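Reader: I would like to learn how to read a structure with several chains. Can we go through it feature by feature?

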Amino acid sequence: MKWFKKVHHYLPPDFILERADDLCIRCKACVTQCSFDANFYDQKRNFIYTLQQNCVGCNRCVAYCPTEAIVVKNRPNPFREHSHWGAYYISGIKRRAYYGGTPVKSMGNDRPFPIYWDKLLLNASQVTNPSIDPLREPMELRTYIGRRPKYLKKGEALPPSIMLQTPIMIGAMSYGALSFNSVESIGRAVTMAGTFFNSGEGGLSRDHYKFSKHVIVQVASGRFGVHKEYLDIGSAIEIKIGQGAKPGIGGHLPGEKVSESISQARMIPKGTDALSPAPHHDIYSIEDLRQLIYALKEATRYSKPVIVKIAAVHNVAAIASGIARSGADAISIDGFKGGTGAAPEIIRNHVGIPIELALAAVDTRLRQEGIRNEVSIIASGGIRGSADAIKAIALGADAVYIGTAALITLGCTLCQQCHTGRCAWGITTQDPFLSKRVNPDIMSEHLYNLFNVWSLELKEIMGAMGVNSIESLRGNRLHLRGVGLSDRDLEILGVLPAGE
Amino acid sequence: MMIGDRNMRYIVIGNSVAGLSACETIRNNDKSADITVIADEPFFAYSRPLLSDYITGHVKIEDDRFHYRRDSFYDDLRIEKKFGKRARQIVAKSKKVLLDNSEAVEYDKCLIATGGVPFVPPNLKNSSVEGVHFFTNLTYALELEKALKKAKKIVVVGAGLIGAKLAEKLSLYGFDVSIVELTNKILGLALDGPSSSLVAAQMSKAGVNVITEDSVNEILGTTKCEGVVLASGKKIECDLTIMAIGVKPNTSVAKESGIAVNRGIAVSETMQTSVKDIYAAGDVVELHDTVFQMNHPIPVIPWAAVCGRIAGENMSGIYKSFNGGFPVNSISIGDISFVSMGYVETPDDCRQYINDKRIDEGIYRKVIVKDGIIKGAIFMGDIERAGMISAMIKDNTDVSAFAERIVENDFWWHSLDRTLREKLTRRA
Amino acid sequence: MKLVYIKEDACVECKLCELACYVEHSPTKDILDAYEMEIRPMPRCEVDVELPYSASIMCRHCIDAPCLTACQNGSIYKDERGAVIVNEKTCVGCWMCIMMCSYGVIKRDTRHGYFGISTKCDLCPERETPACVDSCPNGALLYDDRG
Amino acid sequence: MKTIDANKLYYKILNDQIHDAVDSGYRNIAINNVYGQYYIGDGLMQPVKIDINGIPGNDLGIFMDGPSIYVHGDAQDGIGNTMSGGKIVIDGNAGDVLGYSMRGGRIYVRGNVGYRTCIHMKSYKDDFPIVIIGGRTGEFAGEYMAGGVLVILDLFSEINTYDCNFIGAGMHGGIIIVRGKVNSDSLGREVKVTSLLQEDLLQIKEYLFEYCQELNINYNNVMKSRFTKIISATNRPYKNLYIDGFLH
Amino acid sequence: MFINVSNNLPRDISGCGISGFINTNGRRSSGRACVDSICMMRDRGNGLGAGFAVYGAYPEFRNYYAIHIIYQDNKAREETEEYLSTKLSIVQRGGIPTKKTKNIQSRPLFFVYFGKPRAQSDVAEIDEFREDQEDEFIVRLAMKINENIKGAYVISSGKNLGVFKGIGFPEDIAEMFMIDDYKGYCWIAHNRYPTNTPGWWGGAHPFSVLDWSVVHNGEISSYGINKRYLEMFKYNLNLKTDTEVISYLLDLLVRRHGLSLKEAALAFAPPFWTQIEKMNTDQKNKIEKIRRIYGSAMLNGPFAILVGFKGGLMGLSDRIKLRPLVVGQKGDTTYMASEESAIVGVVKELDRIWSPNAGEPVIAKLKPAVSARLFGKSNKTVRV
């Protein structure tokens with residue numbers, strides 16, 4: 001065992017990894033599986049010991065221990081209990097002071113902000129109208145994302161759109177943030193499920209061009225891997241203005257993650273940092289957005305819808321209205337609970353607003369302006385289950401993007417280490433040994449199952465509500481009721497309180 | 001298969017690896033055939049390498065592990081046994097095999113799998129006294145077993161695979177054993193210098209008096225062996241002399257029958273001899289050696305079995321060809337196991353890769369490569385992955401990309417490139 | 001016939017296959033019992049590692065098995081499934097099979113007495129799916145019939 | 001023989017009269033001028049014969065177990081709802097949801113019927129419902145069907161292939177027999193088409209004969225045709241869609 | 001205000017009854033057949049609402065909008081009339097004749113006004129579709145009264161058409177309004193069984209705006225989104241009943257967006273995607289377009305509706321036919337009702353009687369000559 005404790009810099013470990021010696025059979029699976037070097041085998045003593053400091057609580061070793069000898073526990077607050085100065089703040093200060101930098105973290109905001117999904121309840125039919133059995137009677141989830149004309153005009157073709165068999169898509173997670181196998185699993189799953197995934201801002205590996213019919217390609221401020229062929233490959237194009245987890249700042253893929261293959265996809269030299277500027281430097285105002293939208297439409301000869309993705313911020317409704325009027329075919333709104341591969345903790349935890357409120361506000365605003373029917377809205381940022389998706393649709397979304405939920409399917413345990421590139425589950429790493437841990441053959445099936453089961457659940461709930469097509473649920477806030485919400489919240493959400 | 005209204009008649013002369021492999025193959029292809037096995041020894045088929053373990057009492061005649069096939073083998077395969085009978089001549093014209101008891105057996109197809117006979121140096125004097133023994137079959141072993149009861153000192157002539165192993169075992173068993181080898185190293189055909197020394201040391205440790213670069217010129221004693229005189233003039237007292245210089249093909253039947261014989265019976269790639277419907281396989285034939293690029297007998301079990309099977313296929317009407325072999329050896333002396341194949345000493349036109357970093361632990365590796373193709377290898381100590389080399393020799397695999405890695409101690413699939421690995425994952 | 005196919009791209013080097021193998025070939029098939037055995041059964045599969053490559057390797061059960069041909073006393077045979085099996089009761093450890101195995105998947109076990117034993121995958125005759133396949137957490141081993 | 005004039009009678013009064021007649025021992029009842037009165041025959045257990053002239057209202061023969069009802073004309077929705085036994089013969093067309101959850105007895109219809117015919121019809125022990133439709137059915141015929149036999153004769157159309165969306169959606173028991181071929185596109189997800197076996201035919205022959213006699217249809221002509229059988233592919237069609245919520 | 005608080009009747013699973021007929025030669029007849037028909041389906045209602053729409057009720061004022069308004073009290077009437085006088089030039093006004101009936105104790109005030117828009121300046125701002133300025137004016141007017149004047153509700157506003165509705169069984173409502181005294185070429189009637197909406201006078205069917213009037217059996221589970229969709233087009237929905245959306249959707253889709261009635265029916269009850277996939281390309285394109293543009297106008301949930309429109313009558317049931325609809329024909333008259341008995345009971349020896357398929361609109365239209373006579377050649381009728 002090595003001496004590792006840095007007394008002056010001491011921050012107590014976050015986790016306690018306990019190994020029951022009477023169960024440990026020294027198989028060393030925990031050692032091979034730990035990508036954070038927390039488990040070591042001491043040959044001389046025939047003993048496996050743990051560097052607690054290194055444990056990130058990813059539970060990879062727990063999952064792989066054949067005798068269940070390992071337990072990873074949260075370490076109780078090591079500091080003096082203080083109702084104002086919680087451990088989060090104390091260790092936050094220490095970290096900043098000792099290391100002289102602002103902490104970067106990954107995945108979504110983990111602070112205990114209210115979750116509006118959990119304060120919304122769904123409706124069901126009783127007597128006055130029959131609930132519909134979703135398994136036997138037809139139940140339609142087909143959704144189109146794209147612009148709709150205001151009214152039917154004879155002889156005029158519909159603007160381009162993408163057709164989803166289920167209103168759930170996988171949101172932007174770039175190849176670079178994600179491993180090759182993760183993207184491969186996602187691509188195969190959405191192909192099977194008849195829906196789409198978003199390439200994220202990192203371009204697309206040529207090996208993934210096969211998913212052309214099911215990929216939305218993203219154009220972000222870094223323009224990584226953006227070229228004519230890339231635009232042509234996508235079924236739709238998304239301009240990323242902002243991301244829910246880090247509104248107002250650009251992306252940062254550390255050079256360590258820029259492998260040979262990533263460098264090809266992003267078209268940057270291997271090993272260099274991939275930095276996305278905070279804004280698009282050709283968009284300093286709304287009319288510039290229009291210019292970019294139409295540049296993309298021109299480039300692709302008006303053959304595919306252009307989506308504009310923004311983070312949910314305070315005046316999101318007005319921004320969305322501007323976007324709708326700038327020629328975007330769909331608006332994607334990412335709430336502050338959305339995930340990230342790396343973001344300064346201060347931004348991730350404190351900037352932006354909940355998607356529930358943002359979505360409601362945008363839908364309401366676009367309706368007030370009479371243009372809601374002409375654009376599609378995609379909501380994202382913390383959709384945890386089909387119920388959240390249904391509530392989002394009832395609040396007014398055409399479809400939802402899921403990110404973290406997809407990663408959890410791939411094995412993610414939310415240890416929030418994506419930014420280190422050492423993902424023990426092989427999801428957010430470019431280490432070829434670690435990325436093998438995602439087996440696309442298995443994971444694409446699991447993801448496909450998730451799509452299928454969520455779709456089934458969507459159908460179950462729609463059936464209970466007595467509607468057999470998703471468009472009758474979309475924006476139908478009468479199927480929602482709020483519990484424990486203030487009048488003002490209810491007003492913004494546009495829902496009645498339960499009982500009314 | 002039927003000929004007119006009767007079954008095909010197959011005769012196999014020889015009751016060991018090649019002969020029985022042929023029988024199994026014939027029976028598999030032709031359920032109705034009449035198969036007869038003729039053998040001079042009156043025993044079931046047994047494992048010849050185990051004879052030395054028999055001598056030391058680690059294996060008994062009735063042990064399953066001594067039997068080459070399970071006891072019900074002949075009945076299960078409906079094989080007629082003519083054991084204890086020597087086939088004298090094959091009359092190809094009348095398709096008959098004549099036995100030495102003047103019995104004649106008719107055949108449609110005949111296989112000669114008579115194996116080898118011990119080689120005796122022609123200039124050895126006084127070799128007919130009592131106490132001079134051979135050790136190539138059970139009959140000899142039984143004789144030796146009897147003789148050992150009264151013996152104490154033994155000289156083994158020839159440090160080849162049989163001799164060396166026997167000498168080591170007998171020494172451990174309590175005999176005073178000397179081994180005399182003509183060349184400068186023991187197991188000369190199977191090992192190179194460093195590996196041979198390792199084995200020699202191992203044998204010395206076991207108490208064997210190892211004498212190289214010398215040979216036995218004369219047996220001392222009038223009726224009974226009392227010692228040997230070496231070419232160097234040295235005399236060694238002994239009760240028994242065991243001749244283990246090597247074997248040569250047992251070609252007497254072939255010769256009697258007018259079948260072409262070179263160093264062994266000459267056969268085509270289908271194992272057919274110069275005479276139609278007469279096949280030969282096993283130690284008795286000369287095989288094409290793909291490494292040495294010549295035809296010569298390669299008296300080892302794997303090739304005997306392969307050739308027996310190929311002969312059986314062709315005899316029962318299915319074309320199969322033998323694509324050549326090369327010498328392969330696997331043996332354990334004391335704690336050391338080794339496997340060698342092809343060249344053991346590096347010819348001038350070849351490159352060699354050697355890993356002797358752990359030779360003190362008895363671990364040694366050498367690979368001989370010519371134009372990217374492996375031509376020979378010695379694995380000593382860790383032999384587990386040696387078979388991959390024999391396969392590479394067989395398949396003419398180009399190893400230039402990873403030749404150096406072969407001699408690494410952890411050589412395995414990871415040492416190969418991905419395409420080769422993928423080939424391995426498929427079923428052969 | 002069904003065979004364990006190896007997907008190196010999915011192997012994560014946890015070696016649970018080796019563990020499962022020796023447990024399966026232990027008398028009680030209990031993981032702790034097996035661990036505590038004085039002479040633990042030898043795993044018949046082995047994870048070959050050279051990161052990032054790793055793969056669990058075991059017998060390919062060749063149709064025309066050179067090891068079977070090479071065996072000096074008939075200790076290797078094919079069972080009714082087509083699996084190539086070593087009769088460990090009669091094996092004498094001559095290592096002829098090892099010498100001829102193209103895959104390097106036969107191991108020597110010299111811990112049991114005078115005769116060594118060649119140890120190799122037997123496709124777990126008592127199980128529907130071999131233990132290594134069942135234990136692989138990442139689908140790197142597939143029990144499949146590809147002819 | 002008791003004759004009741006139902007003209008402008010509220011259903012409750014009409015049904016009272018029917019029950020009175022049955023209780024006083026009448027075994028033959030004729031009801032004239034029926035215009036949409038609900039629940040005729042509701043819960044009747046006696047083997048009475050009821051002739052209806054006019055158009056009976058919804059839930060005709062609901063919970064009935066014994067009577068034979070003859071409707072001389074069309075009938076409305078919900079006929080034979082949860083019926084246990086007896087017979088309903090309709091010499092005309094009928095509406096939606098005929099034979100809902102029917103557990104026994106027979107319903108014979110000369111003409112067409114509406115949507116969801118025989119929805120959740122089931123058989124239990126000796127109870128074995130038979131429904132024979134002379135014409136065509138609306139969509140979702142045999143939906144949820146769990147037992148019994150639904151025969152669709154399609155006697156009046158020119159088209160040889162029967163086409164009706166969502167036949168047998170969610171069906172998990174019983175059989176649907178269709179005269180002629182069936183367009184497989186129109187089947188629900190859970191059913192498959194197989195050929196009619198001799199024993200299937202034997203099972204229903206007697207009833208088909210009775211049907212033809214009751215409605216004066218040429219039995220031999222009907223039997224000349226080929227029949228197609230529709231059965232559920234499995235009796236647990238959704239087994240894999242639901243998992244134990246506590247699975248590890 | 002109009003809410004009937006004594007609604008303690010046992011709740012049976014039933015639903016509303018609807019009935020209607022049209023004479024395609026424009027022959028006007030009394031409402032007797034319609035009243036009889038709806039009354040035959042007594043058990044489809046519970047006395048909490050009934051109503052009639054009569055097309056051809058006011059031939060003498062056929063060029064004027066006939067605006068039926070119910071008032072809670074005279075204060076509401078005065079306020080409304082003051083407002084009306086600024087907006088309409090009214091040629092005739094008066095109370096709608098009623099008679100005292102035993103079963104209906106309390107009732108609001110019923111008034112009818114015949115008039116034309118006085119000025120059209122208000123509508124300029126919303127003129128984004130090719131629409132009739134006067135019609136649009138009237139729709140806005142009705143909305144404004146409903147929204148802004150407490151206790152006043154416009155219940156019909158078309159030409160030559162009147163809606164008579166209230167709380168009670170159909171026979172009581174018919175008696176109260178002396179329905180027998182009206183004559184029309186097209187009648188629709190409703191027998192109500194309110195469930196999730198209050199049983200109040202304004203909530204009784206038919207729902208009518210301009211020449212649209214709708215009676216409905218069932219519930220619109222998509223109401224929430226239909227309402228929000230309509231609100232984008234400045235419809236204010238304040239009658240507290242889901243059926244309201246149907247008349248406005250018809251007004252939006254057909255009058256303002258220029259869809260044909262059949263296209264509107266496709267928007268309301270479209271075929272399933274699986275069925276659309278099997279169609280030929282033209283049909284597929286057309287329906288896909290309608291589904292995608294008018295997804296928010298889809299009426300989801302069980303319904304059967306009768307729609308009276310300018311020049312005809314349409315019956316439609318939902319896409320999986322969860323509510324019944326029967327159509328009968330005799331000569332130049334087409335009958336539609338929830339139950340076959342409700343047609344057979346009033347008309348003997350029909351030529352034909354059938355149940356239309358799910359989502360299949362049945363449209364009976366006045367013959368062109370009749371239409372021209374009634375509406376004038378220039379006055380467009382609804383495209384079918």
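Reader: Do chain C and chain D touch or not touch, and how many Å apart are their nearest C-alpha atoms?

Author: First, a caution: this is a predicted model. To judge touching, look for heavy atoms within 4.5 Å. Chains C and D do not touch, and their nearest C-alpha atoms are 15 Å apart. Chains B and D do not touch either. Their nearest C-alpha atoms are 33 Å apart.

Reader: Which chains share the most contacts?

Author: Five pairs of chains are in contact, and chains B and C share the most contacts.

Reader: What does the radius of gyration say about chain D?

Author: Set the value against the globule rule for the chain's length. Chain D has 248 residues, for which the rule gives 18 Å. Its radius is 19 Å, close to that figure, so chain D is as compact as a globular protein of that length. Its C-alpha atoms fill a box of roughly 60 × 55 × 30 Å along the principal axes. Its secondary structure is three helices and 13 strands.

Reader: How do I read contacts along the sequence? What share in chain B joins residues at least 24 apart?

Author: Take contacts between residues at least 6 apart in sequence. In chain B, 61% of these join residues at least 24 apart. In chain D, the figure is 43%.

Reader: Now burial. How many of the residues in chain B and chain D count as buried?

Author: In chain D, 57% of the 248 residues are buried. In chain B, buried residues make up 57% of the 428.

Reader: Which residues touch the most other members of the largest nonpolar core?

Author: The general idea: in soluble globular proteins, nonpolar side chains tend to be buried together. Here the largest nonpolar core has 178 residues, and B:Val97, B:Met341 and B:Ile389 touch the most other members. Helix α8 of chain B, residues 301–315, gives the largest share, eight residues. A second, separate core has 125 residues, including A:Leu204 and A:Trp454.

Reader: Which residues is B:Ile389 in contact with?

Author: Leave aside neighbours within four places in sequence. B:Ile389 is then in contact with B:Met341, B:Ile374, B:Ala377, B:Phe379, B:Ile406 and B:Phe411.

Key: Residues are numbered from 1 along each chain as its sequence is written. Chains are lettered from A and ligands numbered from 1 in the order in which they are written. This is a predicted model: local features need pLDDT of at least 70, side-chain atom pairs count only at pLDDT 80 or more; totals for chains, interfaces and linings use all residues. Side-chain values use heavy atoms; hydrogens and water are left out. A nonpolar core is a set of buried Ala, Val, Leu, Ile, Met, Phe, Trp, Tyr and Cys residues joined through side-chain atoms within 4.5 Å. Buried means under 20% relative accessible area, exposed over 50%, partly exposed in between (1.4 Å probe, protein chains only). Helices (H or I, at least four residues) and strands (E, at least two) are DSSP runs, numbered from the N terminus. The radius of gyration is taken over C-alpha atoms; the globule rule is 2.2 Å times the number of residues to the power 0.38.
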